[in-house]
Structures are given as C-alpha cells and as structure tokens.
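Colleague: Could you take me through this model, starting with the packing and then moving on to the rings and strands?

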Amino acid sequence: MKILDRYVCRQVLFSSLFAVGVLSVVLVLGQVFKQLLELLINHNAPLDLVLTFISYIVPFSLTFTIPWGFLTAILLVFGKMSAENELIALRSSGVSIPRISFSVFALAFIFAGICLWINVDVAPRANLKMKDTLVQIATNNPLAMFSSDRVITEFPNRKIYVEHNDGPELRNIVVYEMDEESFPIRVIFARRGVLKSDPENSQLLLNLFDAQYEERNAEDPTNLMKISLGNTAKETTFPISLQALYEKSKKKKGLSTMAVAELQDRIRHEQARTVSKADKKQRDAQLSAAKTEVSKRFSVSLASLAFALIGVPLAITAHRKETSAGFLLSLVIAFVYFMFILVADAVKENPKAHPELLVWLPNALFIGLGLWLFYRLSRK
C-alpha cells in the first residue's frame with residue numbers, strides 16, 4: 001500500500017505544482033503586466049519596483065490558484081487512472097476508492113494548512129507592502145502616474161487631469177484643488193506643464209505655463225457670486241506633497257491588509273461602540289464587512305479539502321484522460337465555488353444578506369456533494 005500511496009501522491013503533487021504555476025502566470029502575472037506595462041515601458045518605472053510589486057501580488061493569488069491547481073491535478077490523474085483501468089485493477093484487488101484516495105486527502109489537508117497560513121498572515125502583509133510599493137513608484141518616478149487622458153486622484157485634496165503625456169512635458173492640464181471636506185476651492189487650466197521632483201522637501205513641483213485659474217473667496221467659499229474668474233499666469237508652480245500621499249496610504253488601510261487579530265479587534269470595537277441611529281447603518285455595514293473578511297479567510301482555506309472530496313468521484317465518473325477535459329471540468333467547478341465568494345464579497349456591507357455565512361455555503365455544498373458521490377461510488 002505504501003507503493004500505491006507514493007505513486008498517487010507523486011502524480012497528484014507534481015501535477016498540482018505545475019497547474020498552480022501555470023494558473024499563477026496566466027491569471028495573475030498576465031493581469032499585473034497588463035496594468036503595469038505602460039509604467040514599465042512608456043514611463044521607465046524602475047524594473048525592481050515592478051518586480052517587487054508582482055512578488056506581493058503572488059501570495060494573495062496562491063489562496064485561489066493552489067486549490068484550483070490541486071483540483072485540476074486530481075481530475076487529470078484520477079481521470080487517467082480510470083480511463084486506463086488502473087482503478088478497476090486496484091478495486092479488483094480489494095482496495096477501495098477511499099483507500100486509494102488516502103494520499104490525496106493528506107495533500108488536501110497540507111494545502112489547506114498552507115492556504116490558511118497565507119490567508120491569515122502572509123497575504124495581508126503582502127497587500128500592505130504592495131500599496132507601499134505603489135507609493136514608492138510614485139515618489140521615485142512620479143511621471144509614471146501622469147498617464148495620458150486620465151484623472152489622477154492619488155494625491156490628497158488634488159484631482160489632476162492630463163490630456164497628453166509627452167515625456168517630461170504634460171499638455172492640457174486641469175487641476176482641482178479641494179479643502180479637507182473635498183470642497184473645490186480652486187480650478188487651474190494650463191496648456192502645458194513640466195513635472196519636477198523636489199526630494200529635499202518631499203514634494204513634486206508642477207510647473208504650469210499659460211495658466212488660467214478660478215478661485216473661491218476664502219472668507220465665503222460657498223458664495224458662487226464671489227468666485228474670482230479670469231486670473232492668468234504666464235508661469236506658476238503648483239506644489240504636490242508626497243508626504244501627504246504617503247500618509248493617505250497609511251490611513252486607508254483596507255480590510256485585506258489587516259491580520260485576523262486586527263480584524264477581530266475592529267469587530268469588538270465596533271460592537272462596543274455606541275452610535276446614534278443615523279450612524280447605526282454605517283456601523284453595521286462596517287461590522288458586517290469585517291466579519292465577512294474573517295470568515296472568507298478561513299472558508300477559502302478549506303477549498304482544497306472540498307475540491308478533493310468532489311474531484312475524485314467526478315474524475316472517476318467522467319472516465320476521461322484528456323487534459324483539456326480535465327481542465328474544463330476544473331474550470332466549471334472552480335467558477336461555481338468562487339462565484340459564491342465573489343457574491344458574498346459584493347454584499348459584505350449588507351448585514352441582512354448575512355455574507356459572513358454565505359462564504360461558508362460553497363464548502364458546505366461541495367463537501368456534502370462530495371461525500372454523497374463517494375458513498376455512491378463505494379457501493380458500485
């Protein structure tokens with residue numbers, strides 16, 4: 001039996017590693033390069049920063065590609081063993097399907113443990129560092145952020161539109177300057193501008209030429225009749241604080257960047273906080289989102305076990321050894337499973353939908369269906 005366990009384990013393990021690698025490259029790195037290609041080629045973003053950004057994306061993706069790759073390997077290996085009558089020979093020798101699958105479930109628990117470790121510890125820290133890397137790209141090569149025909153909203157209290165980025169020179173620029181309550185206090189139009197870095201003062205200097213600007217009255221900003229119109233400047237400098245950008249990034253720490261202990265502290269804090277009726281809805285939404293994030297991390301970690309239970313009987317029943325058939329079946333199963341997770345994530349701020357319970361539904365369905373399929377298979 002040890003020979004059988006080693007044989008099945010080796011086949012499934014090597015196939016899983018290959019499938020995880022392929023899925024990570026195709027589904028994750030391909031998307032990352034699509035988003036960062038312009039920064040890398042057109043604006044000379046440092047290659048080391050781009051590679052660092054990619055390295056922080058990979059841990060988060062592994063929580064999805066590991067179960068999916070494991071499922072694909074199970075369908076391919078057991079589909080081939082079934083098609084080549086290896087399973088019939090083993091069952092004729094008195095070896096049951098659950099015993100043949102022993103090494104598969106051992107791998108399922110190992111992969112589930114790895115995914116749990118990534119979800120609880122590695123992925124949150126990687127997501128936080130990924131955001132810091134984006135800020136670092138902005139500070140080291142700020143021109144990379146000023147792409148043509150897009151609104152730059154990363155800088156606090158600033159919204160900047162650039163129609164065309166021509167290397168170091170920007171053309172047709174619109175700058176909105178706002179107060180702390182996001183109320184617009186000044187709008188600047190310029191035909192061209194040049195962006196310079198001022199690292200000593202931790203800021204960017206946007207030199208604007210042929211500028212026109214409108215400005216609200218400082219003492220009465222809500223009075224539209226007191227807006228100062230028709231102001232012009234042949235050349236003016238518009239400072240943009242990088243320190244403010246960094247502080248903004250630190251303050252906007254999302255749920256995906258928090259460790260489980262931090263999320264639980266937030267849940268306890270929100271539950272103990274006394275709020276008015278007007279703020280209760282917002283408090284309940286934040287509480288629901290935090291609970292859903294915690295449940296999602298533990299639920300997704302069990303995907304490998306759920307896929308093992310449903311993958312083995314489906315592969316044997318399908319009785320196909322073609323790689324395309326196995327991959328297509330894994331695609332359908334993974335899509336159905338992760339669709340529930342995506343739906344729960346979409347309604348995470350709606351406590352009436354109970355998204356913290358919805359994320360457990362695919363595990364309950366797949367594990368229950370897998371146990372029933374194993375029972376039927378063992379009686380044949």
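Colleague: Which residues does Ser16 touch, not counting those up to four places away in sequence?

Modeller: Before I answer, this is a predicted model, in which local features need pLDDT of at least 70 and side-chain atom pairs count only at pLDDT 80 or more, while totals for chains, interfaces and linings use all residues. Residues are numbered from 1 along each chain as its sequence is written, and side-chain values use heavy atoms, with hydrogens and water left out. With neighbours up to four places away set aside, Ser16 touches Gly69, Phe70, Ala73 and Phe111, where contact means heavy atoms within 4.5 Å.

Colleague: Is Ser16 buried or exposed, and where is its place?

Modeller: Ser16 lies in helix H1, helices being DSSP runs of H or I with at least four residues and strands runs of E with at least two, numbered from the N terminus. Ser16 is buried, at a relative accessible area of 2%; buried means under 20%, exposed over 50% and partly exposed in between, with a 1.4 Å probe and protein chains only.

Colleague: What about the largest nonpolar core, which residues have the most contacts inside it?

Modeller: That core has 50 residues, and Val12, Phe70, Phe78 and Val104 are those with the most contacts inside it. By nonpolar core I mean a set of buried Ala, Val, Leu, Ile, Met, Phe, Trp, Tyr and Cys residues joined through side-chain atoms within 4.5 Å. Among the elements that each supply at least two residues of this core are helix H1 (2–41), helix H2 (47–83) and helix H5 (102–140). A second, separate core has 17 residues, including Phe146 and Leu208.

Colleague: Which residues does Phe78 touch?

Modeller: Leaving out residues up to four places away in sequence, Phe78 touches Val8, Val12, Leu87, Ile100, Ser101, Val104, Val312, Ala315 and Ile316.

Colleague: Switching to rings, how many aromatic pairs are there?

Modeller: The count comes to eight, with rings of Phe, Tyr and Trp (its six-membered ring) pairing if their centres lie within 6.5 Å, and planes under 30 degrees apart counted as stacked, over 60 as edge-to-face and the rest as tilted. One of them is the edge-to-face pair of Phe307 and Tyr337, at 5.0 Å centre to centre and 65° between the planes. This pair links distant parts of the chain, since Phe307 is in helix H9 (residues 303–318) and Tyr337 in helix H10 (residues 323–346), 30 residues apart. Phe307 is buried at a relative accessible area of 0%, and Tyr337 is buried at 0%.

Colleague: Why is the pair of Tyr337 and Phe338 edge-to-face?

Modeller: The planes of Tyr337 and Phe338 are at 85°, with the ring centres 5.2 Å apart, so the pair is edge-to-face. Phe338 is buried, with a relative accessible area of 11%. Ring pairs link Phe64, Phe307, Tyr337, Phe338 and Phe366 into a cluster.

Colleague: And the strands, how many bridges join S4 to strand S5?

Modeller: S4 and strand S5 (residues 203–215) run antiparallel and are joined by 12 bridges, two strands being paired if DSSP finds at least two bridges between them. In S5, Glu215 is the bridge partner of Arg186. Strand S3 (residues 169–178) also pairs with strand S4 (residues 184–198) in the antiparallel sense, over nine bridges, and Val174 has Phe189 in S4 as its bridge partner.
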